[in-house]
Amino acid sequence: MKNLWSKLATIDRRIIYLLVFIVVALPMIFRMIMPIRVSREVQMAFSEIDNLKPGSIVMISIDYDAASEPELQPMLIAILRHCFSKNIKVILLGHWALGLPLGEMALNQVAKEYNKKYGEDYVNLGYRPGYTALMVGIGKEIRDFFPTDYRGIPIDSFPFMRKVRNYQQIDVLVGLEAGATGDAWVQFAGARFNQKIILGTTGVIAPDMFPYLQAKQIAGLISGLQGAAEYETLLKKAGSAILGMPAQSFVHLLIIIFIIIGNIGYFILRKRR
Amino acid sequence: MILNIIGTWLAATLTLAIFSFLYKDNPFYKLAEHIYVGVSAGFWVIYVWAFDIKPMLIDRFLTTTGIEKWILLIPAILGVLMLTRWFPKTAWISRIPLSFTIGIGAGLGVTASIQGFLIPQIGATLLPLTTINNILLVIGVISTIIYFYFSKEFKGTWKFFSRLGIIFIMIAFGASFGYTVMARISLLIGRIYFLLHNFLNIIP
């Protein structure tokens, strides 16, 4: 028995990697689906967009890149589907240059599904550096920073953009965040201009965003792959997030088992020493 | 279509090359790592040119007139001065544009922290102690602040609350770590989903 615990204590870490890989892959291969409980903060975010009238404007900020794509891209796709299904206009911009192609890919994919046209139903403004100055500047006049869209077309050539001057014409701002830009949206656009904000965040930064929700500084919070799966559940349109959740649950179970075995082994070996 | 296939194969090959590090360090991993760094840097150069320097400086300079045109020279000169860092003898000049950047950052940061964080968060802590959640929140905030108050020796009630503060901090760390684990596993799920769905077509 002591031998077994000693062996476990020095187990090759690659065996653990292999087990994690198997536990992730199998639920996806067998297309397992698990029930998803919708949290209050995701319900709040969903309701905020759901209650908008057709023709309302949602601004989505792509503040992530490929490293956070698995968590935030399903959120973006679900939110775009939600907006386009309700004929809500979308303005896309981003503060992470490497993430903008991801936003463009999602726009192209979802616009095609709902037969939406560029310039009439959505625009992509692209990227500008210096996000704090930009957030304050949009409160005054969006054209100071984005006279053209990301293709270089003047934004006034798009009918719905002619009436957009600053935050007052933007009904909801959705920040998809993998870093500190979410804090800046809340502290500049939210606090200074009373912009209604929903944040979609990676799991890593989600705990830091809950104080904003508790203080009612944001109108909803979608956190991590779980949050994306909850949003997809509310939308009744399954995507990669719902498909990934069983794998997530099984890996969590595996990690808990590892922690328990590791601790039991540690105490047994320590006692014998 | 053919470009999509090439892109998927390339992405899958690079993903597997990165994953190969889990077995042990190898040239395939190193190659993928260097490609990532190089492509990212190249991407940044293109973006800064296409979304910043060209539309915000060059195009504006060519299309505007009067003071609006000439005021653009100030950020242009400051930007050029930043490049003096490359030369040791003139590196000190770059402190001028840096001081602007730091000044703007500090100015915006201070107002944002007070207006957008400190005051709303203090306001959200002033709660009626009528529910368990509110009581926990208020005690948690006060005891955590006490833990970080170093001008008084931790004895008696003060010590009790500072210890309580540590417990709240540890619970927060635990929640944060739990979320981090979830996030990292999500990334793995995303990559394996890509391999099984886009590359191998095993799952629809």
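**Ground rules.** I am working on a predicted model, where local features need pLDDT of at least 70, side-chain atom pairs count only at pLDDT 80 or more, and totals for chains, interfaces and linings use all residues. Residues are numbered from 1 along each chain as its sequence is written, chains are lettered from A and ligands numbered from 1 in the order in which they are written, and side-chain values use heavy atoms, leaving out hydrogens and water.

**Entry 1, D63(A).** I found D63(A) in strand β1 (residues 57–63) of chain A; strands (E, at least two residues) and helices (H or I, at least four) are DSSP runs numbered from the N terminus. D63(A) is buried and has no salt bridge. Buried means under 20% relative accessible area, with a 1.4 Å probe and protein chains only; a salt bridge needs a side-chain nitrogen of Lys or Arg within 4 Å of a carboxyl oxygen of Asp or Glu. The nearest side chain of opposite charge, R128(A), is 13 Å away; Lys and Arg count as positive, Asp and Glu as negative, and His and the chain ends are not counted.

What does the side chain of D63(A) make a polar contact with? I noted the side chain of S61(A), at 2.8 Å, and that of H95(A), at 3.1 Å. A polar contact is a pair of N or O atoms within 3.5 Å; within protein, one must be able to donate a hydrogen and the other to accept it, and residues adjacent in sequence count only if both atoms are side-chain atoms.

W185(A) sits in helix α7 (residues 181–193) of chain A. It counts as buried because its relative accessibility is 0%. Its side chain makes a polar contact with the side chain of D63(A), at 3.1 Å. Leaving out residues up to four places away in sequence, W185(A) also touches others, including L93(A), M135(A) and Y167(A); contact means heavy atoms within 4.5 Å.

The buried residues of α6(B) are N134(B), V138(B), G140(B), S143(B) and I146(B). They pack against α5 (95–125) and α7 (156–199) of chain B.

I noted 58 residues from chain A and 44 residues from chain B in the contact. Across the interface the rule finds zero salt bridges, but ten residue pairs in polar contact, both at pLDDT 80 or more. Helix α2 (residues 13–29) of chain A gives the largest share of the chain A side, nine residues.

Notes
Buried < 20%, exposed > 50% of the residue type's maximum accessible area, 1.4 Å probe, protein only.
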